[in-house]
Amino acid sequence: MSTSSTETLTRSTQQAPSWQIKLLYDGECPLCLREVNFLQERDAGRGLVKFVDIADESYNPEDHGGIDYETAMGRIHAILPDGKIIKDIEVFRTVYEILGMGWIYAPTRLPILNSLANQIYTIWANLRLKLTGRPSLATLVAQRQQGFECRDEQKCRLER
């Protein structure tokens, strides 16, 4: 195989991810973790779903469709291999479909049920932090930013 053929093969291999959906989730949310653990079991190591913890300090929006921490914390997002970003009930519907459980969210394909499901999800997303005993989104964003400032610029070190 020539060098250019090898380079082309390598480039095309890198462009086609093995996952079918990249799910952004809050790894500090106990209910979210329960759902992710369930979905990981259903994925059974096939790699159909790439799970990305937005609470991880190494989370980088540029690697994930430009979705920043605050936006991702506000409601669930996922990214398809073509770069399309989906959110809310469409994320659950797509993940469950990919994992062979599409029948669970299939009724939400009907416009009236989709609208209702998204309204219910919006209520959940707005109450999620409070219901799980966590600070508000504004507080979490400020704490995360302060943590980055302390680490990056060492502003928060105590002088001895």
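Is Ile120 buried or exposed, and what is its relative accessibility? Select Ile120: at 52% relative accessibility, this residue counts as exposed (buried is under 20% relative accessible area, exposed over 50%, partly exposed in between; 1.4 Å probe, protein chains only).

This is a predicted model, where local features need pLDDT of at least 70, side-chain atom pairs count only at pLDDT 80 or more, and totals for chains, interfaces and linings use all residues. Residues are numbered from 1 along each chain as its sequence is written, and side-chain values use heavy atoms, with hydrogens and water left out.

**Helix α5**

Ile120 sits in helix α5, residues 111-131 (helices are DSSP runs of H or I, at least four residues; strands are runs of E, at least two; numbering starts at the N terminus).

**Salt bridges**

Next, select Arg134 and Glu28. They form a salt bridge, with the closest N and O atoms 3.6 Å apart (a side-chain nitrogen of Lys or Arg within 4 Å of a carboxyl oxygen of Asp or Glu). Arg134 lies in the loop between α5 and α6 (137-153), Glu28 in the loop between β1 (21-25) and α2 (30-43), so the pair ties together parts 106 residues apart in sequence. Arg134 is buried at 15%; Glu28 is partly exposed at 47%.

Move to Glu97 and Arg109. Their closest N and O atoms are 2.4 Å apart in a salt bridge. Glu97 is in helix α4 (residues 89-98), Arg109 in the loop between α4 and α5. The whole structure has 6 salt bridges.
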